[in-house]
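Visitor: I have a chain to look at and would like to be shown around it. Please show it first.

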Amino acid sequence: MRAIPVASVALLGAAALSACVPAGAVGSDTFGFTVSPATVAPGGEVTVGVGRTAAGCHGRVTVTSPVFDTVTIPRHESSATARVDRDARRGAVYRVTFACRDKTGTVDLTIAGGSHRPSDEPWRDKGVHAGEGGSVAGFDVKQIGIGAALVAGAVGTAYHLSRRRSGVNRT
């Protein structure tokens, strides 16, 4: 008879954890098409990549976008670099298309916003850009409240089931 409460707690825990999976992880690209970094300044450089796993692409990959010249990832490579056009519109999101034989996929590339105009001097990596920390960026009270409610519900259910099973009754 102990199997039923244990299974219930396990299912509740699995449900609570599955609710915590980010929406972007569901239905993610199985071929591993990537653009890194996802946000880049005009004139910056991005690395386009492809997963070479069993489900991935094993041939040559052609990568196209309206914001950079066509790039080809050779058959035995997993990435290549592309230089973003200096006249790319700041704050815009461009679609990057990957084509490998009969498999295609798209990834979005965001151009960093701001009031600065592109300069004529060559692009140089200037190190890490400091800013919002990982725990502060994207602080959303609604999501935190829902997460706290899920955790509290799981803890309360586990407590209730453990007290009921042990036969301890505090009345």
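The questions and answers below go from the whole chain to single residues.

Guide: This is a predicted model, in which local features need pLDDT of at least 70, side-chain atom pairs count only at pLDDT 80 or more, and totals for chains, interfaces and linings use all residues. Residues are numbered from 1 along each chain as its sequence is written, and side-chain values use heavy atoms, with hydrogens and water left out.

Visitor: Which pattern does the chain follow along the sequence?

Guide: Helices (H or I, at least four residues) and strands (E, at least two) are DSSP runs, numbered from the N terminus. The chain has 2 helices and 8 strands. Read along the sequence, the pattern is α-β-β-β-β-β-β-β-β-α.

Visitor: What is the strand order in the open sheet of 5 strands?

Guide: Two strands pair if DSSP finds at least two bridges between them. Strand 2 and strand 8 are parallel, with 2 bridges, while strand 7 and strand 8 are antiparallel, with 8 bridges. Strand 4 (residues 61-65) also runs antiparallel to strand 5, joined by 4 bridges. The pairing in this open sheet is mixed, and the order is 2-8-7-4-5.

Visitor: Which residue in strand 8 is the bridge partner of Thr39?

Guide: Strand 2 and strand 8 pair in the parallel sense. The residue of strand 8 that stands opposite Val93 is also the bridge partner of Thr39, namely Thr110.

Visitor: Which residue takes a positive phi in the hairpin of strand 7 and strand 8?

Guide: This hairpin has 2 residues between the strands. The residue with a positive phi, near 50°, is Arg101.

Visitor: How many residues are in the largest nonpolar core?

Guide: A nonpolar core is a set of buried Ala, Val, Leu, Ile, Met, Phe, Trp, Tyr and Cys residues joined through side-chain atoms within 4.5 Å. Buried means under 20% relative accessible area, exposed over 50%, and partly exposed in between (1.4 Å probe, protein chains only). Val48, Val63, Phe68, Phe98 and Leu109 have the most contacts inside the largest core, and strand 7 gives the most to it, with 4 residues. The number of residues in this core is 25.

Visitor: What is the angle between the planes of Phe33 and Phe98?

Guide: Rings of Phe, Tyr and Trp (its six-membered ring) pair if their centres lie within 6.5 Å; planes under 30 degrees apart count as stacked, over 60 as edge-to-face and the rest as tilted. The structure holds 1 aromatic pair. Phe33 and Phe98 form this stacked pair, with 4.7 Å centre to centre and an angle between the planes of 10°.

Visitor: How many residues apart in sequence are the parts that this pair ties together?

Guide: Phe33 is buried at 5% relative accessible area, and Phe98 is buried at 0%. Phe33 lies in the loop between helix 1 (3-18) and strand 1 (34-36), and Phe98 in strand 7 (residues 93-100), so the pair ties together parts whose separation in residues is 65.

Visitor: Is Thr72 buried or partly exposed?

Guide: Thr72 is in strand 5. Its contacts (heavy atoms within 4.5 Å), leaving aside neighbours within four places in sequence, are Arg60, Val61 and Ala80. With a relative accessible area of 38%, Thr72 is partly exposed.
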